[in-house]
Amino acid sequence: MSENKIYHIEEIMDMLPHRYPFLLVDRLEVEVPGEKGTGLKNVTMNEEFFQGHFPGNPVMPGVLQIEAMAQTAGALVISSFENYKDNKKGVYFMSIDGVKFRKPVKPGDQLRMHVEKIKARRNVFVFKGETRVDGQVVSEAEFTAMIAD
């Protein structure tokens, strides 16, 4: 069995077009190239969304948890391309299904986005994902995305 491949922020920025404040993956651990992996997001009080969501009770918006899962899945697929640094690709949401939010995500949490490809056809991919904090599921979804030039 081979060891998991770890990608750090500089490599993720080569894979995804997202930038601060919208890049939501700090690290990617690939378990099965293009198929299964885990993203990591360190949630800090410095995040811009905490200014308004919610004053006195900072909570990471659920839609950003789903976006973090989608970015993890996009980076997972793109990392499997041999020449991903030279061949810039975009990742676009197509649909989101079965979304559930289970617990709030707070500053100081380490969000782990677990994603697994369940279907693919050409440049369209369907993933099942869940985010966890301290091993507990905080959100989950099934989503479809397209990889394009």
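Colleague: How many residues does α2 have, and what is its reach from first C-alpha to last?
Modeller: Bear in mind this is a predicted model. At 1.5 Å a residue you'd expect 26 Å for α2, and the helix comes out close to that. So the count and the reach are 18 residues and 26 Å.

Colleague: What geometry do Tyr7 and Tyr84 have as an aromatic pair?
Modeller: The structure holds 4 aromatic pairs. For Tyr7 and Tyr84, the centres sit 6.4 Å from each other and the planes make 80°. Planes over 60 degrees apart get one particular label, so this pair is edge-to-face.

Colleague: How many residues apart in sequence are the parts that the Tyr7 and Tyr84 pair ties together?
Modeller: Tyr7 belongs to strand β1, residues 5–8. Tyr84 sits in the loop between α2 (62–79) and β4 (90–101). The pair therefore ties together parts whose separation in sequence is 77 residues.

Colleague: Are Tyr7 and Tyr84 buried or exposed?
Modeller: Tyr7 has a relative accessible area of 9%, and Tyr84 has 10%. The cut-off for burial is under 20%, so Tyr7 is buried and Tyr84 also counts as buried.

Colleague: Which residue lies over the face of Tyr7?
Modeller: Look 4.8 Å from the ring centre of Tyr7. What lies over the face there is Lys5.

Colleague: What about Phe93 and Phe143: how are their rings arranged?
Modeller: Their centres are 6.3 Å apart and the planes stand at 90°, so the pair is edge-to-face. Phe93 comes from strand β4 and Phe143 from strand β7 (residues 136–148), so parts 50 residues apart in sequence are tied together. Back to the arrangement you asked for: edge-to-face.

Colleague: Which residues form one aromatic cluster?
Modeller: Phe93 and Phe143 belong to it, along with Phe127. Put together, the cluster is Phe93, Phe127 and Phe143.

Methods
Residues numbered from 1 in each chain as written. Predicted model: local features only at pLDDT ≥ 70, side-chain atom pairs only at ≥ 80, totals over all residues. Heavy atoms only, no water. Phe/Tyr/Trp six-rings, centres within 6.5 Å; stacked < 30°, edge-to-face > 60°. Helix = DSSP H or I, 4+ residues; strand = E, 2+ residues; numbered from the N terminus. Buried < 20%, exposed > 50% of the residue type's maximum accessible area, 1.4 Å probe, protein only. Lys NZ or Arg CZ within 6 Å of the ring centre and 35° of its normal. Expected span 1.5 Å × (residues − 1).
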